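I begin with the terms and then turn to each contact.

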Amino acid sequence: MSTPNSGTRLSARDRILRGMMALDDHRSVQEHTVDELAAIAQVAKGSVYYHFGSKEKLVSGILVHGAEELQSIMDQLDTDAVGLSAARESFRAQLRAAFEFLRDYPSFTGLVAFALARRRDDESQQLRREKEAIVMLLASRLRRLGEAEAAEAEAAPPNPMSSPLQEIAATALLSAAVTLSIDQHTTHPEWSVDECVEVLIRMSVGPLP
């Protein structure tokens with residue numbers, strides 16, 4: 001899958017973050033030593049401390065960086081095309097790219113799952129902020145699709161931003177995508193991306209023609 005910075009020379013900081021996001025073993029980033037993380041990223045241990053200061057800040061940086069890349073990928077596939085058909089096509093493409101991103105970066109996906117499972121009072125501000133940013137990103141896409149459907153039906157579009165249902169739907173979609181991505185990666189590799197995306201679409205907005 002093509003991601004921002006693909007085909008370009010990454011800085012040491014970005015190499016560390018990309019390596020940590022792609023980490024794929026039975027342990028989380030938090031359970032690895034800084035020496036292990038530096039070896040995985042193919043940088044010196046001092047480089048990790050230079051760019052992040054501590055392992056805790058590195059973990060926060062992974063979540064921030066991953067959320068930014070996820071938004072960039074979805075934004076690249078977002079279109080200003082008018083009409084319900086174009087809105088549906090854009091939504092499907094963005095959801096597929098988001099699912100592929102979660103699948104390709106299991107460590108980042110694990111951190112999102114961790115953030116979703118935390119009590120609000122236990123969360124760091126950074127953890128909560130990045131989780132909410134991803135939820136709002138999905139909510140904006142669901143809102144746009146709903147507005148296109150309402151326009152097609154010549155009905156006044158709803159005001160989803162004033163309703164808690166919009167945030168609930170986006171949170172449910174993110175939770176389902178994360179869980180499905182992890183299960184596909186660890187237990188059911190026979191599930192295709194297209195099948196998983198179709199299920200997510202049907203769960204969130206119903207079948208798209």
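I call a crossing left-handed if the near helix is turned anticlockwise from the far one by less than a right angle, and right-handed if clockwise. The model is predicted, so I note that local features need pLDDT of at least 70 and side-chain atom pairs count only at pLDDT 80 or more, while totals for chains, interfaces and linings use all residues. Residues are numbered from 1 along each chain as its sequence is written, and side-chain values use heavy atoms, with hydrogens and water left out.

**Entry 1: helix 4 and helix 5**

I took helices (H or I, at least four residues) as DSSP runs, numbered from the N terminus. Axes are lines fitted to C-alpha atoms, for helices over the stretch in contact, and angles run from 0 to 180 degrees between N-to-C directions. I found helix 4 and helix 5 packed at an angle of about 150 degrees, with axes 9 Å apart. The two helices are therefore roughly antiparallel to each other; angles over 145 degrees count as such, those under 35 as roughly parallel, 65 to 115 as roughly perpendicular and the rest as oblique. Their crossing is right-handed. I listed G66, E69, L70, I73, M74 and L77 on helix 4, and S90, A93, Q94, A97, A98 and F101 on helix 5, as making the contact (heavy atoms within 4.5 Å). This contact has eight nonpolar, three polar and one charged residues. In this count Ala, Val, Leu, Ile, Met, Phe, Trp, Tyr, Cys and Pro are nonpolar, Asp, Glu, Lys and Arg are charged, and the others, Gly among them, are polar.

**Entry 2: helix 4 and helix 7**

At what angle do helix 4 and helix 7 pack? I read about 10 degrees between helix 4 (residues 55-77) and helix 7 (residues 125-152), with their axes 9 Å apart. That makes helix 4 roughly parallel to helix 7. Their crossing is left-handed. The contact divides into nine nonpolar, three polar and three charged residues. Among the residues that meet are L63, L70 and M74 in helix 4 and I134, L137 and L138 in helix 7.

**Entry 3: helix 5 and helix 9**

Helix 5 and helix 9 (residues 193-204) pack at about 120 degrees, and I noted their axes as 10 Å apart. That makes helix 5 oblique to helix 9. Helix 5 passes helix 9 in a right-handed crossing. I counted eight nonpolar, one polar and six charged residues in this contact. They include R92, R96 and R103 in helix 5 and D194 and E198 in helix 9.

**Entry 4: the cavity**

On a 1 Å grid over the protein atoms alone, a cavity is a set of points where a 1.4 Å probe fits but cannot get out; a pocket is an open set with protein on both sides within 12 Å along at least five of seven lines, and lining residues have an atom within 4 Å of a point. Grid points are joined across faces, edges and corners, and a volume is the space filled by probe spheres set on the points. I found one cavity of 30 Å³ or more, and the largest cavity has a volume of about 90 Å³. Its lining includes L70, L95, A98, F99, I134 and L173. Helix 5 gives the largest share, four residues. The lining residues divide into ten nonpolar, no polar and no charged.

The largest pocket holds about 330 Å³ of space. Of its 21 lining residues, D25, R27, P106, S107 and G110 are the closest to its centre. Helix 6 supplies the largest share of the lining, six residues.
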